[in-house]
Amino acid sequence: MLITHDTRCSLDAVVDLVNTAPENDTATDGLATVAALADFVRNHEVSEVGVLSELDLAAVRKVRGRFAEVFAAPDPAAAAAVINDLIAAAGTTPRLTDHDGYDWHVHYFAPGASLADHLSADCGMALAFFVVAGEQERLRRCEAPDCRRAFVDLSRNRSRRYCDSRTCGNRLHVAAYRARRKEAAG
């Protein structure tokens with residue numbers, strides 16, 4: 001599956017957006033303030049964003065919840081229904097652009113769109129490409145029992161199980177190794 005630069009940027013943004021949500025009642029929301037939202041926009045180089053407000057923060061949190069539904073969708077039809085709602089509500093208007101030193105690519109958000117609509121359109125279309133290609137199962141949640149972070153499995157054979165092999169994957173492999181050693185010794 002060919003993933004263009006702008007699609008990859010949108011995938012990274014949607015994964016990071018979903019992962020800002022608190023995993024439980026005691027966890028901190030990664031988008032607790034407008035300043036945190038501004039940091040998110042800056043870190044992901046989201047273009048054409050004006051001054052952010054509490055209204056933007058509330059709208060992006062709502063969109064974040066909808067994107068989380070895509071990663072939890074039991075089948076392509078369920079994922080497609082949520083994605084269709086997101087991109088329709090955003091007033092998706094594809095247009096070619098070549099800004100900020102990047103070659104020609106497609107923006108799906110309307111000029112002057114709110115940040116929530118911008119993310120709904122561009123990130124929604126990036127996820128739509130996976131559903132269309134029959135690759136919805138690549139939109140996953142970490143299999144570590146204490147982690148539910150979202151990720152997109154871009155491995156060749158669709159075998160990635162953890163959000164990060166250096167943390168969640170390694171921690172579980174070490175625990176399994178220690179359990180095997182303990183069983184063999186005892």
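Buried means under 20% relative accessible area, exposed over 50%, and partly exposed in between, with a 1.4 Å probe and the protein chains only. Keep that scale at hand for the tour.

What you have open is a predicted model, in which local features need pLDDT of at least 70 and side-chain atom pairs count only at pLDDT 80 or more, while totals for chains, interfaces and linings use all residues. Residues are numbered from 1 along each chain as its sequence is written, and side-chain values use heavy atoms, leaving out hydrogens and water.

**Stop 1: the whole chain**

Start with everything selected and a cartoon view. The protein chain has 6 helices and 4 strands; these are DSSP runs numbered from the N terminus, with helices being H or I of at least four residues and strands E of at least two. Along the sequence the order reads α-α-α-α-β-β-α-β-β-α. Turn to the principal axes, and the C-alpha atoms fill a box of roughly 65 × 35 × 35 Å.

Of the 186 residues, 40% count as buried. A contact here means heavy atoms within 4.5 Å. Among contacts with a separation of 6 or more, 52% join residues 24 or more positions apart.

**Stop 2: the largest pocket**

Now select Asp6, Cys9, Ser10, His44 and Glu45, which lie nearest the centre of the largest pocket among its 26 lining residues. A pocket is found on a 1 Å grid over the protein atoms alone: it is an open set of points where a 1.4 Å probe fits, with protein on both sides within 12 Å along at least five of seven lines, and lining residues have an atom within 4 Å of a point. This pocket holds about 460 Å³ of space, where the volume is that filled by probe spheres set on the points, and points are joined across faces, edges and corners.

Which elements give two or more residues to this lining? They are helix H1 (5–18), strand S2 (105–107) and helix H5 (115–132). H1 provides the largest share, 7 residues. Colour the lining by class and you will find 11 nonpolar, 10 polar and 5 charged residues. Here Ala, Val, Leu, Ile, Met, Phe, Trp, Tyr, Cys and Pro count as nonpolar, Asp, Glu, Lys and Arg as charged, and the others, Gly among them, as polar.

**Stop 3**

Zoom in on Ser10, in helix H1. Is Ser10 buried or exposed? Ser10 counts as buried, because its relative accessibility is 11%. Not counting residues up to four places away in sequence, Ser10 touches Asp122, Cys123 and Ala126.

Next pick Glu45, in the loop between helix H2 (34–43) and helix H3 (54–72). Glu45 is exposed, because its relative accessible area is 55%. Check its backbone too: phi is near 50 degrees, a positive value in a residue other than glycine. Most residues other than glycine have a negative phi. Glu48 sits in the loop between H2 and H3 as well, with phi near 60 degrees.

**Stop 4: the cysteines**

Show the sulfur atoms. How many disulfides are there? The count comes to 0, with a disulfide taken as a pair of cysteine sulfur atoms within 2.5 Å. Cys163 is in no disulfide either; the nearest cysteine sulfur, that of Cys147, is 3.7 Å away. Cys163 is buried, with a relative accessible area of 15%.

**Stop 5: Leu115**

Move to Leu115 in helix H5, which is buried at 4% relative accessible area. Beyond its neighbours within four places in sequence, Leu115 is in contact with Leu37, Val41, Val46, Val49, Leu52, Asp56 and Val60. Draw a distance to Leu52: the two C-alpha atoms are 8.2 Å apart, across 63 residues of chain.

**Stop 6: the second largest pocket**

Finish by selecting Asp12, Val15, Phe151, Val152 and Arg160, which lie nearest the centre of the second largest pocket among its 14 lining residues. H1 and strand S4 (150–152) each give two or more residues to this lining, and H1 gives the most, with 5. The volume is about 230 Å³, and the lining divides into 7 nonpolar, 1 polar and 6 charged residues.
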